[in-house]
Amino acid sequence: LTKLPSAVFGPQVAALGGNAPTHADSEGDSDAFGWHIDGDPNLTPPGAFRDCYGLYGNRLGGDKPRFISALVYLNEEWKPEWDGGTEFLDPPTSETYTTQVEPGRVVLLDSDITHRVTTPAESAGGNRPRYSLVLKLLLRKEKLKRGRKGGGGGDIVMLAKKTTGDKYIGSAASFNKDL
């Protein structure tokens, strides 16, 4: 796991970003923060990274690096009624899923998942920011051996395991059957 090097998208795309939306940011504009992705190996510009790996689907790249974002909520206190979570979009179905802010929560997502910041509710106070940090990362997949001693049983690559209540959206939904 490494930070997204500037060789991927150039120096104009930072490997580290932050957000501090307030309710006041949404006044007069319910969509103050637009839908976006953090990165996609299919969108890399010509350069060293593309020369080495080419264009490929983020979860379909075999042994090629996987683009991952880690979203960290930084507020020491945040009440559920203050909202301000991150909304994720499943483009094929137009369904959305919102993660709720919890102090210290870390959300790992494929960087090509469409998402947006939502502003805190008025009950949070007009100028109370919801702080978050986004780390753009590359995961170099290493094959893990499972089964008998010596690695029998086949290769697997796991980033996380399914737990009760997990929701899969986008292309990850098609993999849900296998987990």
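Which residues does G18 touch, not counting those up to four places away in sequence? I started my notebook with that one, and I found S132 and L133. A reminder to myself: this is a predicted model.

**Entry 1: G18**

I looked up where G18 sits, and its place is in strand β2, which covers residues 16-19. Is G18 buried or exposed? I got a relative accessible area of 56%. The cut-off for exposed is over 50%, so G18 counts as exposed. I also checked G18 against L71: they are 53 residues apart in sequence, yet 9.2 Å apart in space, going C-alpha to C-alpha.

**Entry 2: the whole chain**

I stepped back to look at everything. I counted three helices and ten strands. Reading from the N terminus, I wrote the order down as β-α-β-α-β-β-β-β-β-β-β-β-α. The chain has 179 residues, and 36% of them are buried. The accessible surface comes to about 10700 Å², and carbon and sulfur atoms hold 51% of that. Then I looked at contacts with a separation of 6 or more: 72% of them are between residues 24 or more positions apart.

**Entry 3: a sheet of three strands**

Which strands form the open sheet, and in what order? I noted β5-β4-β7, with antiparallel pairing. Strands of a sheet pair through backbone hydrogen bonds, either parallel or antiparallel. Here β5 (95-99) and β7 (115-117) stand at the edges; each has a single partner strand, so one side of each has no neighbour in the sheet. From one strand to the next, the twist averages 25 degrees.

I zoomed in on β4, residues 86-90, and found that five bridges join β4 to β5, the two running antiparallel. As one spot to look at, I picked L89, which stands opposite T96 in β5.

**Entry 4: S69**

My last stop was S69, in strand β3 (residues 66-73). Why does S69 count as buried? Its relative accessible area is 1%, and buried means under 20%, so S69 is buried.

Next I checked its side chain. What joins the side chains of S69 and D38? It's a polar contact of 2.7 Å. Another polar contact, of 2.9 Å, links the side chains of S69 and S111. Leaving aside neighbours within four places in sequence, I listed what else S69 is in contact with, including V107, L108 and L109. V134, L135 and K136 are also among the residues in contact with S69.

Key:
Residues are numbered from 1 along each chain as its sequence is written. This is a predicted model: local features need pLDDT of at least 70, side-chain atom pairs count only at pLDDT 80 or more; totals for chains, interfaces and linings use all residues. Side-chain values use heavy atoms; hydrogens and water are left out. Helices (H or I, at least four residues) and strands (E, at least two) are DSSP runs, numbered from the N terminus. Buried means under 20% relative accessible area, exposed over 50%, partly exposed in between (1.4 Å probe, protein chains only). A polar contact is a pair of N or O atoms within 3.5 Å; within protein, one must be able to donate a hydrogen and the other to accept it, and residues adjacent in sequence count only if both atoms are side-chain atoms. Contact means heavy atoms within 4.5 Å. Accessible areas come from the Shrake-Rupley method with a 1.4 Å probe; for residues, only the protein chains shown count as cover. Two strands pair if DSSP finds at least two bridges between them. Axes are lines fitted to C-alpha atoms, for helices over the stretch in contact, and angles run from 0 to 180 degrees between N-to-C directions.
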